[in-house]
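Here are a few exercises to work through with the model open in your viewer. Try each task before you read its solution.

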Amino acid sequence: FLRSLNGIEPEPQDDAVTAQATRRGGGMSAASGSPVAPADADASPTISGAIDAYFALYDKSPSYEKGLRAIFGEFTKVVGDRPMDAVRDTDLKLYERHLEGRVGRTSVRSYMRQLGMLIHFGVRKAWIRLDPRLTYRLPKEELKEPDPFSKEDLARFFEIVRAPVRGHGRG
């Protein structure tokens with residue numbers, strides 16, 4: 001496969017593309033010949049700046065936005081308002097431990113998933129180079145008993161509710 005690429009020349013770049021990239025402070029990549037973003041474009045905003053950018057782009061219902069802002073704000077208070085690229089899996093674990101003191105495990109999982117939306121937004125915007133969700137494990141899910149009724153409870157219920165049907169026994 002690589003031998004077949006030896007004879008292929010890269011496509012020449014339009015001078016307008018080159019000039020535009022240079023004006024913005026970028027340049028042309030020697031490897032690919034494509035425009036390169038300026039160095040300051042890679043600057044990662046702080047967590048609070050990313051929260052504002054997130055809500056500026058997406059319309060949420062007021063009550064949902066209020067809840068998300070509370071979760072994101074609490075995360076910011078726990079780990080500090082640092083650049084998005086500095087968020088690590090240990091910060092997620094620290095926030096998880098903070099939540100465990102006041103909400104149940106199911107709610108902790110819900111909060112962490114909602115915080116994951118902000119992290120995913122940062123990854124998509126290229127503000128986060130190393131996704132901390134990849135090395136973070138959510139707390140185990142609480143497994144509830146599949147049938148909360150005992151056999152006696154069910155028998156009493158069906159005696160009251162179900163009338164006998166021809167060909168079928170009661171219950």
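**Exercise 1: H5 against H6**

Task: work out how H5 passes H6, and which residues of the two helices meet.

Solution. Start with the handedness: H5 passes H6 in a right-handed crossing. This is a predicted model, so keep that in mind throughout. Next, the geometry: the axes of H5 (residues 89-100) and H6 (residues 105-124) cross at roughly 145° and come within 10 Å. Now pick out the side that H5 brings: Leu-92, Tyr-95, Glu-96, Leu-99 and Glu-100. On the H6 side, you'll find Val-108, Tyr-111, Met-112 and Leu-115. Sort the residues of this contact by class and you get seven nonpolar and two charged, with no polar ones.

**Exercise 2: H3 against H4**

Task: find the angle at which H3 and H4 pack, and say whether H3 is roughly parallel or antiparallel to H4.

Solution. Step one is the angle, about 165°, with the axes 10 Å apart. Angles over 145 degrees count as roughly antiparallel, so H3 is roughly antiparallel to H4. As for handedness, H3 passes H4 in a right-handed crossing. Then list the contact: H3 supplies Ile-47, Ile-51, Asp-52, Tyr-54 and Phe-55. The H4 residues are Glu-65, Leu-68, Arg-69, Phe-72, Gly-73, Phe-75, Thr-76 and Val-79. By class, that contact of H3 with H4 has eight nonpolar, two polar and three charged residues.

**Exercise 3: H4 against H6**

Task: at what angle do H4 and H6 pack, and which residues make the contact?

Solution. The angle is about 90°, and the axes lie 10 Å apart. The range for roughly perpendicular is 65 to 115 degrees, so H4 is roughly perpendicular to H6. From H4, the contact takes in Tyr-64, Leu-68, Ile-71, Phe-72, Glu-74 and Phe-75. H6 answers with Tyr-111, Gln-114, Leu-115, Met-117 and Leu-118. The class count for H4 with H6 is nine nonpolar, one polar and one charged.

**Exercise 4: the core**

Task: which residues of the largest nonpolar core touch the most other members?

Solution. The core has 25 residues, and the ones to highlight are Ile-47, Phe-72, Phe-75, Met-112, Leu-115 and Leu-118. Then ask where the members come from: H3 (47-57), H4 (62-79), H5 and H6 each give two or more residues. The largest share, six residues, belongs to H6. Zoom in on Leu-115 to finish: leaving out residues up to four places away in sequence, Leu-115 touches Phe-72, Phe-75, Leu-92 and Tyr-95.

**Exercise 5: the whole chain**

Task: how many helices and strands does the protein chain have, and in what pattern?

Solution. Count seven helices and two strands. Read along the sequence, they give α-α-β-β-α-α-α-α-α. For burial, 24% of the 171 residues count as buried. As for contacts with a separation of 6 or more, 55% are between residues 24 or more positions apart.

**Exercise 6: a loop residue**

Task: where does Ala-126 lie, and is Ala-126 buried or exposed?

Solution. Look in the loop between H6 and H7 (151-161), where Ala-126 lies. Its relative accessibility is 51%. The cut-off for exposed is over 50%, so Ala-126 counts as exposed. Now check the backbone: phi of Ala-126 is near 65°, a positive value in a residue other than glycine. For background, most residues other than glycine have a negative phi.

Key
Residues are numbered from 1 along each chain as its sequence is written. This is a predicted model: local features need pLDDT of at least 70, side-chain atom pairs count only at pLDDT 80 or more; totals for chains, interfaces and linings use all residues. Side-chain values use heavy atoms; hydrogens and water are left out. Axes are lines fitted to C-alpha atoms, for helices over the stretch in contact, and angles run from 0 to 180 degrees between N-to-C directions. Helices (H or I, at least four residues) and strands (E, at least two) are DSSP runs, numbered from the N terminus. A crossing is left-handed if the near helix is turned anticlockwise from the far one by less than a right angle, and right-handed if clockwise. Contact means heavy atoms within 4.5 Å. Ala, Val, Leu, Ile, Met, Phe, Trp, Tyr, Cys and Pro count as nonpolar, Asp, Glu, Lys and Arg as charged, and the others, Gly among them, as polar. A nonpolar core is a set of buried Ala, Val, Leu, Ile, Met, Phe, Trp, Tyr and Cys residues joined through side-chain atoms within 4.5 Å. Buried means under 20% relative accessible area, exposed over 50%, partly exposed in between (1.4 Å probe, protein chains only). Angles under 35 degrees count as roughly parallel, over 145 as roughly antiparallel, 65 to 115 as roughly perpendicular and the rest as oblique.
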